[in-house]
Amino acid sequence: MAVRTGGPHIRTRAVHPYPAAADDADAALTWIAADAAQLGGAPERIAVAGGSAGGNVAASTVLRARDLGGPQIVFQALTYPGVDGSLTSASVREFTGAPVLDRAALELAWRHYAEERHPEPYASPIRAADLGGLPTAYIAVAEVDPLRDEGLAYAGRLGAAGVTTELVQVPGAVHGFDLLFPKARVSERTLAD
């Protein structure tokens, strides 16, 4: 992150905004697919996973692989994914002061990631016109999380597009629950899923 000063305010901007993270993920996917055997894997059994902003990058990766002829991905696991830069969901409005992640933090994160609330589907995967042909999905959302409703909506759109999708709603959980409380039963169960 670069910091610029001007007058009494400090303004920041992303050093490597969108599409840098998506490009990096595509490069990693291409490398893994090409060298899967040397890595002890199989190129026909690649999965992607990510939580929060990483869920955005994972969702973007499967969209880009499908649309741009990238390596085949057979599974995607998204935990409380941030897939909608518009920040218009009911849960974003509801959890303005939520623990761990709130609307102000999301606005800052999107400003740094996309420098604007990008309507492009690779930046906001929920905005893709067609989600058909994507790999099987597992999506976990936390109940007390501003990203909850966009995760629910994304799972719904995947299912409506014919993508086999398992949606898990974790009651009472906050954003990042599995990282904050890894030994909690709910975190262990989510990881096991």
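**Ground rules**

I number residues from 1 along each chain as its sequence is written, and side-chain values use heavy atoms, with hydrogens and water left out. Since the model is predicted, local features need pLDDT of at least 70 and side-chain atom pairs count only at pLDDT 80 or more, while totals for chains, interfaces and linings use all residues.

**Entry 1: largest pocket**

I looked up pockets first. A pocket is an open set of points on a 1 Å grid over the protein atoms alone, where a 1.4 Å probe fits, with protein on both sides within 12 Å along at least five of seven lines; lining residues have an atom within 4 Å of a point. The largest pocket holds about 260 Å³ of space, a volume being the space filled by probe spheres set on the points, which are joined across faces, edges and corners. I found 13 lining residues, with Thr79, Asp178, Ser187, Thr190 and Leu191 nearest the centre. Strand E3 (47-51), strand E4 (75-79) and helix H7 (185-192) each give two or more residues to this lining. H7 gives the largest share, four residues. Helices (H or I, at least four residues) and strands (E, at least two) are DSSP runs, numbered from the N terminus. By class I noted six nonpolar, four polar and three charged residues in the lining. Ala, Val, Leu, Ile, Met, Phe, Trp, Tyr, Cys and Pro count as nonpolar, Asp, Glu, Lys and Arg as charged, and the others, Gly among them, as polar.

**Entry 2: Thr79**

I then checked Thr79, which is in strand E4. Thr79 is buried, with a relative accessible area of 15%; buried means under 20%, exposed over 50%, partly exposed in between (1.4 Å probe, protein chains only). Leaving aside neighbours within four places in sequence, Thr79 is in contact (heavy atoms within 4.5 Å) with Gly50, Gly51, Ser52, Ala140 and Asp178.

**Entry 3: second largest pocket**

About 190 Å³ of space lies in the second largest pocket. I listed its lining residues, including Ser52, Asn56, Trp110 and Leu147. Helix H2 (53-68) and helix H4 (103-114) each supply two or more of the lining residues, and H4 supplies the largest share, four. The lining has eight nonpolar, three polar and no charged residues.

**Entry 4: Asp84**

I located Asp84 in the loop between E4 and helix H3 (90-94). Asp84 is buried, at 10% relative accessible area. Its side chain makes a polar contact of 2.9 Å with that of Ser86; such a contact is a pair of N or O atoms within 3.5 Å, one able to donate a hydrogen and the other to accept it, and residues adjacent in sequence count only if both atoms are side-chain atoms. Not counting residues up to four places away in sequence, Asp84 touches Trp110, Ser124, Ile126, Arg127 and Glu150.

**Entry 5: nonpolar cores**

A nonpolar core is a set of buried Ala, Val, Leu, Ile, Met, Phe, Trp, Tyr and Cys residues joined through side-chain atoms within 4.5 Å. I found 37 residues in the largest one, where Tyr18, Leu131, Leu134, Ile139, Tyr154 and Leu158 touch the most other members. H2 gives this core its largest share, six residues. Apart from it lies another core of nine residues, among them Ala77, Tyr80, Ala142 and Ala173.

**Entry 6: Glu94**

Glu94 lies in helix H3 and is partly exposed at 48% relative accessibility. I noted 7.2 Å between the C-alpha atoms of Glu94 and Pro146, which are 52 residues apart along the chain.
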